[in-house]
Amino acid sequence: MTETTCIEIKNLTKTFSNGEVRAVDNLSLRLEKGQTVGIIGADGAGKTTLLRLICGLLQPDSGTISVCGLNPVTQKSLLNAKIGYMPQKFGLYEDLSVLDNLNFYAALKNVSPDFNQMLEFADLKRFQNRLAGKLSGGMKQKLGLICALMGMPELIVLDEPSVGVDPVSRRELLKMVKTTVQNQTTVLWSTAYMDEAHGFDTVVVVDRGKIIYQGKPQDLAADTLGFENKVIELMGGYAPKPSLVAQNYHLNGSGDGFAVEAVDLVKRYGDFYAVKNNTFHIKKGEIFGLLGPNGAGKSTSFKMMCGLARPTGGTARIMGIDIVKQASLARSHLGYMAQKFSLYANLSVRENLEFFAGAYGLKGKLADEAVSRMTEIFGFRRFLNDNAGDLPLGYKQRLSLACAVMHNPPVLFLDEPTSGVDVITRREFWNHLTSLAQKGVTILITTHFMDEAEFCDRISLFYKGKTIATGTPQELKRLAGAQSMEDAFVNLILQNGREIS
Amino acid sequence: MNITLAFVKKEFLQIIRDPSSLIIAFVLPTLLLFIYAYGINLDAVNVRLGIKNDDSNPEIADLIKSFGQNRYVTSAVYNNQNQMYKDIVSSKIKGALLIPDDFSARLAAGKQAQLLLIADGAEINQVSYTQSYVSSIVSQWLQNSRFKSNVSQPAVNIQPRYWYNQNNNARWALVPSSLAVTMTLIGILLTALVISREWERGTMEALLSTNIKPIHIVLGKYIPYFIVGMLSLAFSILMIITLFDVPFRGSFWILFLVSALFLYASLGIGLIISSAAKNQFLASIASLIIGFLPALMMSGIVFPVKSMPLFFQYFTHILPPKHYVDFIRSEFLSGTVAVNVVSSSLFLLTLGFLFSVIVYKKTARRLDA
């Protein structure tokens with residue numbers, strides 16, 4: 001270990017469930033000081049465990065770790081003073097105000113409570129007295145980041161800080177880190193966004209508890225898409241297969257006309273308009289992307305359109321059926337995947353599938369068939385008896401999709417189905433979706449991945465409760481005068497007066 | 001020290017923001033005190049009695065009238081015996097008194113006269129009350145009736161004196177000792193959720209990555225809830241004395257000192273539950289079962305400890321409420337008794353200390369150990 005080394009790990013192993021799960025498996029890693037390091041890998045590859053081991057939050061089974069010249073096992077409290085760590089759930093007290101959270105962490109870290117500059121920079125100053133729980137997703141992340149950056153730590157460890165964050169906020173997060181860190185500061189940043197990782201000094205690809213690549217991202221490929229393909233190759237490759245979901249889909253009632261229509265949808269809470277006016281028409285077999293920053297009103301629109309929230313004004317029609325007047329009939333044409341994992345965490349995979357089969361009115365043999373079909377298609381066999389809550393994130397999302405498509409609905413509503421999901425799983429997901437659409441299934445989807453937006457037939461850009469642009473990806477890029485979808489998104493939002501709410 | 005202070009401050013902010021802690025601290029004791037004072041009644045039970053008189057002697061009419069004048073008995077006179085039996089079955093009346101036609105004649109002749117009392121044996125408490133009401137009403141009537149001279153006086157007359165509680169008022173005994181249940185519940189409920197909450201919301205992970213040490217977490221959790229608990233205690237005591245007119249004959253200093261020790265022990269139990277259970281639901285169920293039930297059933301408030309099987313008598317010693325009940329009864333009604341104070345305090349202090357050592361040992365240093 002030399003002066004310039006920040007982290008040195010040798011033969012590190014960490015197992016869970018009495019050695020059954022090898023989260024980190026004989027892993028060795030050396031990282032120099034002053035670098036921004038992207039940690040990428042499939043879900044359940046061991047990224048979070050690795051980061052926690054580095055911070056001394058977990059004890060290794062075997063192997064040695066040295067971080068900033070200290071041993072996290074024996075010198076945890078010395079080390080903690082040098083680290084700024086932001087866990088996946090950000091570690092904020094949702095019932096305390098922004099300022100209370102900052103004061104608390106400043107006291108814990110023995111830092112003078114002067115955050116004006118950071119607050120200004122993150123554009124949180126206006127919200128300093130708001131409860132952390134009432135902030136939008138992007139703002140929570142920024143607040144968590146300020147807490148982690150406090151006191152100029154030598155090492156900053158960020159566990160997926162940009163999950164579920166819109167492109168504008170993601171750029172701001174990155175800028176906050178870049179302006180705070182000094183020459184010798186090392187940043188570990190785990191992410192599912194390949195464009196993000198491509199911009200870092202170094203990437204470390206973790207797979208099944210081992211490191212399968214470490215080096216400059218530009219050495220793998222010069223552009224983001226090439227980089228993504230290389231990473232997928234490293235992780236075992238992904239060859240698109242014909243989608244079994246689509247092949248086994250029994251679709252009735254295809255044809256012409258609109259599958260989903262939103263007509264002047266309005267949702268008001270008190271004097272706050274979550275959705276001011278949302279109107280769109282989606283043709284049968286179309287993939288329609290609903291894009292927009294956190295807190296723009298996408299999820300609220302979704303909930304109104306599935307009849308989960310009552311519109312203050314306007315209505316929506318699913319396959320021509322009015323959702324306000326005939327909610328349950330309209331819903332029977334609908335498969336819905338919520339943003340939060342909303343299956344039964346303490347029921348097994350099989351029990352969840354059986355329950356949803358029953359809930360959709362499938363009985364006896366039909367239900368059994370549906371369950372075994374889903375098991376085959378999504379590869380649940382080895383997880384069938386595991387609790388759904390213990391599944392790796394990618395499999396949780398697969399299970400949610402399985403439950404949404406089980407009754408072959410002609411319309412699918414998917415709310416951020418790929419948030420936090422690794423690249424391979426995302427590709428597989430989109431393979432299913434595009435194949436389903438070809439078969440005539442209508443899909444309404446929200447996402448923060450701009451590469452996914454490119455797969456949509458049409459996009460509606462939604463901002464502050466209003467549609468600010470609708471069109472094909474090409475049309476939107478032309479409208480914004482941008483090369484990439486991400487630039488188009490950022491430009492259009494900025495043109496419409498970016499203001500975090 | 002700074003870190004502890006910051007933690008305490010944070011905890012207080014959370015208490016203020018989240019009304020549930022304040023509801024536990026102030027609404028819950030009010031509710032429980034009212035239940036103890038008015039809901040649970042070990043004294044008199046009002047009994048509705050049916051009477052069927054077959055004796056035409058006018059003196060007996062006086063007897064029937066005196067049933068109507070008693071504050072614990074309401075009476076209904078029946079002419080039809082079958083109807084009266086039906087009303088027992090349908091619970092319209094709780095007892096039936098039959099006066100045979102030779103009742104006054106036998107009394108006049110100096111013979112033993114008989115009355116038949118039928119009571120609803122499904123409610124055993126009521127049976128004994130009914131019986132004692134009837135016999136006291138009858139003997140009072142007898143003292144004033146013209147058959148008085150025909151009845152021999154009992155050989156022994158017992159004069160009861162109930163020390164500390166002349167009127168044998170159960171409320172006086174129940175309400176102060178209910179503090180033991182209330183304070184256990186408050187102590188445990190306040191703290192049972194506060195560590196599991198940090199796990200559930202993911203803040204524990206962030207905390208453990210900072211300089212914080214277990215002692216900061218332990219102190220940071222004890223101090224604020226101790227203060228809230230003491231305020232709640234003061235509030236309850238004030239209510240007991242002003243609202244329920246229970247006399248307080250002891251010393252407020254000693255009352256608060258021993259109560260503080262009791263609260264310290266209860267908070268310890270809550271914190272042990274909280275650090276063992278990593279989700280709030282489990283923690284709240286555990287605190288009801290571990291905290292509330294033993295406090296109610298085994299502390300001696302309702303069921304005397306001395307009548308329990310020997311094993312359970314010893315077992316009650318590890319329950320803080322048992323020692324507190326012993327203390328609080330004598331402190332309120334008989335005044336400070338040095339022996340009681342010392343023994344209760346020693347037990348509570350030992351238990352409280354033991355619990356806080358366990359809490360300290362159980363406080364997480366890492367996510368996996």
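Visitor: What distance separates the centres of domain 1 of chain A and domain 2 of chain A?
Guide: Keep in mind that this is a predicted model. Taken over C-alpha atoms, the two centres are 32 Å apart. As for where the domains run, domain 1 of chain A covers 5–234, domain 2 covers 248–333 + 409–495, and domain 3 covers 345–408.

Visitor: How many residues of domain 1 of chain A are in contact with domain 2 of chain A?
Guide: A contact here means C-beta atoms, placed from the backbone, within 7 Å. On that basis, 20 residues of domain 1 of chain A meet 17 residues of domain 2 of chain A.

Visitor: Which elements give two or more residues to that side of domain 1 of chain A?
Guide: Look for α5 (137–149), α6 (167–180) and α9 (224–234) of chain A. The most comes from α6(A), with four residues. Sorted by class, that side of domain 1 of chain A holds nine nonpolar, six polar and five charged residues.

Visitor: And the sheet: what is the order of its six strands?
Guide: Reading across, you get β5-β6-β7-β3-β8-β9 in chain A, an open sheet with mixed pairing. From one strand to the next, the twist averages 15°.

Visitor: Why is one side of β5 and of β9 of chain A left without a neighbour in the sheet?
Guide: Because β5 (83–86) and β9 (210–215) of chain A stand at the edges, each with a single partner strand.

Visitor: How many bridges join β3 to β7 of chain A?
Guide: Four bridges link β3 (residues 36–41) of chain A and β7 (residues 186–190) of chain A, and the two strands run parallel. For one pair to find on screen, Thr36(A) has Val187(A) in β7(A) as its bridge partner.

Note on methods: Residues numbered from 1 in each chain as written. Chains lettered and ligands numbered in written order. Predicted model: local features only at pLDDT ≥ 70, side-chain atom pairs only at ≥ 80, totals over all residues. Domains from an automatic or database assignment. Contact = placed C-beta atoms within 7 Å. Nonpolar A, V, L, I, M, F, W, Y, C, P; charged D, E, K, R; others polar. Pairing = 2+ DSSP bridges. Axes fitted to C-alpha atoms, helices over the stretch in contact; angles between N-to-C directions.
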